[in-house]
Amino acid sequence: QNQKTKAQIERLLQDGRHGELRARLCCRLSFGTAGLRSAMGAGFCYINDLTVIQSTQGIYKYLERNFSDFKQRGFVVGYDTRGQVTSNCSSKKLAKLTAAVLLAKDVPVYFFSTYVPTPFVPYAVQQLGAVAGVMITASHNRKEDNGYKVYWENGAQITSPHDKEIIKCIEECVEPWNGSWNENLVDTSPLRQDPLKKICDSYMEDLTKICYHRELNVQSSLRFVHTSFHGVGHDYVQLAFRAFGFQPPIPVPEQKDPDPDFSTVRCPNPEEGESVLELSLRLAEKENAKVVVATDPDADRLAVAEQQENGSWKVFTGNELAALFGWWMFSCWKENCSPDADVKNVYMLATTVSSKILRAIALKEGFHFEETLPGFKWIGSRVKNLLDNGKEVLFAFEESIGFMCGTSVLDKDGVSAAVVIAEMATYLQGQSLSLAQKLLGIYETYGYHISKTSYFLCYDPATIKRIFERLRNWDGPQSYPQCCGAYSILHVRDVTMGYDSSQPDHQSVLPVSRSSQMITFTFQQGSVATLRTSGTEPKIKYYAEMCAQPGHRDRAVLEEELQKLVEALIENFLEPAKNGLTWRSA
């Protein structure tokens, strides 16, 4: 019933573009590391009115089978501010259609009356006792994309087998039901409730559980700039700063309000660093603010920059921020825990492609550190499991600037991370330290962990498959490389195939994940490198890290060694020229 997407298909047919029609119509969206995500437009592998209706019908069918109290407990729906005029497609419209499918089947729906940060949906699922929730967002992806992120009753993103079973249910009911197209149901149905005020108030109150120095925050002279990258974050970050006793941060005026075209940045991903933070850094210099916090468009990620003594700006990597958060959350726990608290009951988590710095801190301080597969869906589920077993989880992260401080939200949360960084910077200022200086102190105490992370773009799935199959059949069938250039390989782990040469039975301890490619190499000289495909974008990502022992202070030597390893990895394993890969900065 969407005339614009219907016209797109008709035009392709008239123009005889059968190849593109086949690409759009002969495959269906599948769940990646962040739910369903694709370009907006016509076709079954795109995000549009019909595919969202079909997905929701499949979810309804699956939840009805699994929860006898589904129609008592209800379902949460949130959305960001994305949109595309050419497809008559916006996050709010897709959210209304999601709600319509459920309301027409007499399911109570908690539908937010305005855009919210992604973390509000998993938080609301738990707070309201709903069976599940959906957030319509493509996070920091390019403006053409949108997505459909599903949360289970535990407040974590769905993992296997739920995702596979939902896809089966979607296939069983692709024809829209009566009422599924009625997006006005959210305005007329008595089963629709607006949870905005209740959830926002409760979230801000829960946030104060991880506020440890309110009196310092109230008196602080430190100034902060915040950019919300044309997304949802502005209002919520302002409220979070107030909840911690701060004056609100100075907003970047050109980026404060939602804009689906992200018109002031070449891409809406704060992970890209200084090039996309230009407006924030110039405003901070003008306002004499020493710290910039940047939330991505759906406010679940956080980038941080700090002005150094020489006037330049340091944009921290996700791994560097994790070192600071890990130190901070443990120090605050130690200072505030009860006398009989057991450090062995305390946990921190990270995805396997992220820095091992938390492991080093855990070894020295006595708490537990665990790794999961990439994607916060794995972290959220594991954290819930630990909490249910009486454990205390302080912090979890993924290197792509995703942080979970505390356990009010079982997903990454840029709003809470922004205000925790502000409190940390304020506390350190009282000790005449900057964030960058403290980071060096952490590395000197626990050992330098220097990482390089980047990606190549590759739009051809066959090329990606060929690259990884070559690594699995290096000197013959089912044989992996024993060296990469001059670097000898000690162990290989391939979670796509469930193989790990470091285990006695050669079976991977991490769950097998056949839906994406991921191979990790541990080298004789102590570094670790991983090659993997992105679950949300056409990228081959690489991650490499040097982990030095405490006391090894020559950072320049470590950085040079890591750079040589990365060059060898790219040249020998990825072969960008031969495979037509486009490097990130290009």
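I began with the cores, and the largest nonpolar core has 132 residues. Inside this core, F325, F395 and F403 have the most contacts. Apart from it I found another core, of 38 residues, with Y62, L63, F67 and I170 among them. For my own record, a nonpolar core is a set of buried Ala, Val, Leu, Ile, Met, Phe, Trp, Tyr and Cys residues joined through side-chain atoms within 4.5 Å. Buried means under 20% relative accessible area, exposed over 50%, and partly exposed in between (1.4 Å probe, protein chains only). In soluble globular proteins, nonpolar side chains tend to be buried together.

A note on the source: this is a predicted model, in which local features need pLDDT of at least 70 and side-chain atom pairs count only at pLDDT 80 or more, while totals for chains, interfaces and linings use all residues. Residues are numbered from 1 along each chain as its sequence is written, and side-chain values use heavy atoms, with hydrogens and water left out.

**Helices α1 and α2**

Next I looked up helix α1 (residues 3-14) and helix α2 (residues 18-25), whose axes come within 8 Å and cross at roughly 145°. Helices here are DSSP runs (H or I, at least four residues), strands likewise (E, at least two), numbered from the N terminus. The axes are lines fitted to C-alpha atoms, for helices over the stretch in contact, and angles run from 0 to 180 degrees between N-to-C directions. On the α1 side I noted Q8, I9, L12 and L13, and on the α2 side E20, L21, R24 and L25. Contact means heavy atoms within 4.5 Å. I sorted these residues into five nonpolar, one polar and two charged. In that sorting, Ala, Val, Leu, Ile, Met, Phe, Trp, Tyr, Cys and Pro count as nonpolar, Asp, Glu, Lys and Arg as charged, and the others, Gly among them, as polar.

**V76**

Where does V76 lie? I found V76 in strand β2 (residues 75-79). V76 counts as buried because its relative accessible area is 0%. Leaving aside neighbours within four places in sequence, V76 is in contact with a list of residues including Y110, F112, V121, L128 and V134. I also noted F120, which is 44 residues from V76 in sequence and 9.8 Å from V76 in space, C-alpha to C-alpha.

S534 sits in the loop between β23 (527-533) and β24 (539-547). Is S534 buried or exposed? At 12% relative accessibility, I logged S534 as buried. The S534 side chain reaches the backbone nitrogen of E537 at 3.0 Å, a polar contact being a pair of N or O atoms within 3.5 Å; within protein, one must be able to donate a hydrogen and the other to accept it, and residues adjacent in sequence count only if both atoms are side-chain atoms. Beyond four places in sequence, S534 is in contact with K539 and K541.

I then turned to D261, in the loop between β10 (250-251) and α12 (278-287). D261 is partly exposed, at 47% relative accessible area.

Most residues other than glycine have a negative phi, and most peptide bonds are trans. I found a cis peptide bond joining S160 and P161, with omega about 10°. Q478, at 73% relative accessibility, counts as exposed.
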